[in-house]
Amino acid sequence: MSADTETAPRAAAVPARRAASPWVLMYHSVAEFTDPSEDPYGITVTPRALEAQLLWLRSRRLRGVSVGELLRARAAGRAAGLVGLTFDDGYTDFLTRALPLLRRYDCTATLFVLPGRLGVDNVWDPLGPRKPLLTAEGIREAAAAGQEIGSHGLLHQDLTAAPDDVLQQELRGSRELIRELTGTLPAGFCYPYGHLDARVVAATRDAGYAYACAIDPGRLAGPHALPRTHISQADGGQRLRIKQLRHRVRELRRAVHL
């Protein structure tokens, strides 16, 4: 090394600018209910509310698509006007209530399912009403209808508290089971409860997933920790606009703090 090289001041490292995360909406169940006590976790929207929300997207020249489709479009520079739609847990009402509306408004979605809980119910929600989960045939029906099937793990466990062997089974085991069900390895994963840490994110990436969805991953945000916006029964046009603006502001703040 020359003396000039040794004494020359080093240029400050400039971190690469991270691309803003896309806007992804998070749904769970679509069903009729009248009493808020029937939905203590705020995971249910009525078909009427979902339709109004899809119409709001259309009025703003936006179209809901699966996360896989959204990310492919972004990579090709064709994502303008696209918003991600996700439905967690794989409730049977996705087929009967959500899918007809998605078809009516030319939308697709990512359905995150639990292949370890086929045909049972949401036992992890102790206060909520029992909601049946899709069977193997129901998952195949959703896939055949053009919806993306992703993994939500096997049993809806908090992966941050799982030992390494359980974590691997939840990630890799669920992925293989979904391939057996649909014939396709799922590209996407969704963290149960939105809980994640650096270990879980790294394990998800290593398990072969192209992307993973979180809720508010903070500084872990990226392709394997995509933030999402929770959508509720109360979200009319004004609230959706506010949530869209909050997403933009959040992404700007993340870019500044990198």
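User: In this model, which strand pairs with strand 1 in the parallel sense over 2 bridges?
Analyst: The model is a predicted one. Strand 1 pairs in the parallel sense with strand 5 over 4 bridges. The pairing over 2 bridges, also in the parallel sense, joins strand 1 to residues 229–230, which form strand 10.

User: Which residue of strand 10 stands opposite L25?
Analyst: L25 belongs to strand 1, where L25 and Y27 point one way and V24 and M26 the other way. On the side of strand 5, the bridge partner of V24 is G84. In strand 10, the residue opposite L25 is T229.

User: Are the residues V24, L25, M26 and Y27 of strand 1 buried or exposed?
Analyst: V24 and M26 point one way from strand 1, while L25 and Y27 point the other way. Residues on both sides share one state, and all four are buried.

User: Which residues have the most contacts inside the largest nonpolar core?
Analyst: In soluble globular proteins, nonpolar side chains tend to be buried together. Here the largest nonpolar core has 34 residues. Those with the most contacts inside this core are L54, L57, L85, F87 and F94.

User: Which element gives the largest share of this core?
Analyst: The elements that give two or more residues to the core of 34 residues include strand 1, helix 2, strand 5, helix 4, strand 6, helix 5 and helix 6. The largest share is 6 residues, and its source is helix 4.

User: How many residues form the second, separate core?
Analyst: This core stands apart from the largest one. Its members include L167, A203, Y209 and A225. The second core has 14 residues.

User: What distance separates the C-alpha atoms of F87 and R117?
Analyst: F87 is a residue of strand 5. Along the chain, F87 and R117 are 30 residues apart.

User: With which residues is L57 in contact, leaving aside its neighbours within four places in sequence?
Analyst: L57 is one of the residues with the most contacts inside the largest nonpolar core. Among its contacts, L85 is also one of those with the most contacts inside that core. The contacts of L57 beyond its sequence neighbours are W23, L25, L62, G64, V83 and L85.

User: Which residues of helix 3 are buried?
Analyst: Helix 3 spans residues 67–75. What covers its buried residues includes strand 1, strand 4, strand 5, strand 6, strand 7 and strand 9. The residues covered in this way are V67, G68, L70 and A73.

User: Which residue with a positive phi follows helix 3?
Analyst: Most residues other than glycine have a negative phi. The residue after helix 3 has a phi near 75 degrees, and this residue is G77.

User: Is R61 buried or exposed?
Analyst: R61 is found in the loop between helix 2 and strand 4. Its phi is near 60 degrees, a positive value in a residue other than glycine. With a relative accessibility of 78%, R61 counts as exposed.

User: What is the relative accessible area of Y193?
Analyst: Y193 lies in the loop between strand 8 and helix 7. Although Y193 is not a glycine, its phi is positive, about 65 degrees. Y193 is partly exposed, and its relative accessible area is 38%.

User: How far apart in space are S232 and Y193, C-alpha to C-alpha?
Analyst: S232 is found in the loop between strand 10 and helix 8. S232 is buried, with a relative accessible area of 13%, and is in contact with V45, Q53 and R239, leaving aside neighbours within four places in sequence. S232 and Y193 are 39 residues apart in sequence, and their C-alpha separation is 16 Å.

Terms used
Residues numbered from 1 in each chain as written. Predicted model: local features only at pLDDT ≥ 70, side-chain atom pairs only at ≥ 80, totals over all residues. Heavy atoms only, no water. Buried < 20%, exposed > 50% of the residue type's maximum accessible area, 1.4 Å probe, protein only. Contact = heavy atoms within 4.5 Å. Core = buried A, V, L, I, M, F, W, Y, C linked by side-chain atoms within 4.5 Å. Pairing = 2+ DSSP bridges.
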